[in-house]
Amino acid sequence: QLQLVESGGGLVQAGGSLRLSCAASTRTISTYPIGWFRQATWKVREREFVAAISWRGGRSYYADSMKGRFTISRDNTKNTVYPQMNNMKPEDTAVYYCAVAVDRPYYSDVTSLRETDFGSWGQGTQVTVSS
């Protein structure tokens, strides 16, 4: 069974940066698109799309709120995906999750993926941005 583990979260001041990681330990994720989502504490039933990256890393897609501040990359030799968040804002405070589109191997058109295409969610990593 595929297990994803997010890391890199923490407390950062507004305007600062964080680099998260999403690693898979039980199976390779190198042939699948990876998505990142976040859920704010006060949005119990609402998970927000953040970004997605194609299996080779050649294509990426970002939520409007993250464009220009968020860059996603991957190292398939390390079975890991890295979102880099810059110029962070208090409204970025949330638990960040990664997930894999296991039914879309070798898929590049990440703009067409929906949340329901992703599964094997990690446990999340808390990001807190202070003002």
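Where is the place of Ser 54 in terms of the strands? Ser 54 sits in the loop between E6 and E7, and we'll come back to that spot below.

## Ground rules

This is a predicted model, so to speak of local features a pLDDT of at least 70 is needed, side-chain atom pairs count only at pLDDT 80 or more, and totals for chains, interfaces and linings use all residues. Residues are numbered from 1 along each chain as its sequence is written, and side-chain values use heavy atoms, with hydrogens and water left out.

## The overall picture

The protein chain has 11 strands and zero helices. Helices (H or I, at least four residues) and strands (E, at least two) are DSSP runs, numbered from the N terminus. Read from that end, the elements go β-β-β-β-β-β-β-β-β-β-β.

The radius of gyration, taken over C-alpha atoms, is 14 Å, which agrees with the value near 14 Å for a compact globule of 131 residues. The rule behind that is 2.2 Å times the number of residues to the power 0.38. Along the principal axes, the C-alpha atoms fill a box of roughly 40 × 25 × 25 Å.

Of the 131 residues, 47% count as buried. Buried means under 20% relative accessible area, exposed over 50%, and partly exposed in between (1.4 Å probe, protein chains only). The accessible surface comes to about 6,700 Å², with 46% of it belonging to carbon and sulfur atoms; areas come from the Shrake-Rupley method with a 1.4 Å probe, and for residues only the protein chains shown count as cover. Among contacts (heavy atoms within 4.5 Å) with a separation of 6 or more, 61% involve residues 24 or more positions apart.

## The six-stranded sheet

Six strands make an open sheet with mixed pairing, in the order E2-E11-E10-E5-E6-E7. Two strands pair if DSSP finds at least two bridges between them. E2 (10-13) and E7 (60-62) stand at the edges with a single partner strand each, so one side of each has no neighbour in the sheet. From one strand to the next the twist averages 25°, using lines fitted to C-alpha atoms as axes (for helices over the stretch in contact) and angles from 0 to 180 degrees between N-to-C directions.

At the E7 end, E6 (residues 48-53) pairs with E7 in the antiparallel sense over three bridges, and Ile 53 stands opposite Ser 60. In the loop between these two strands, Ser 54 counts as buried because its relative accessibility is 1%. Leaving aside residues up to four places away in sequence, Ser 54 touches Pro 33, Arg 59, Arg 74, Tyr 107, Ser 108 and Val 110.

E1 (residues 4-7) runs antiparallel to E4 (residues 21-24), joined by four bridges. Ser 7 stands opposite Ser 21, and Glu 6 faces Cys 22 across the pair.

## The disulfide

A search of the whole structure turns up one disulfide, the term covering a pair of cysteine sulfur atoms within 2.5 Å. Cys 22 and Cys 98 form it, with sulfur atoms 2.1 Å apart. The link joins distant parts of the chain, from Cys 22 in E4 to Cys 98 in E10 (residues 94-100), 76 residues apart. It is right-handed, with 75° about the S-S bond, and both Cys 22 and Cys 98 are buried.
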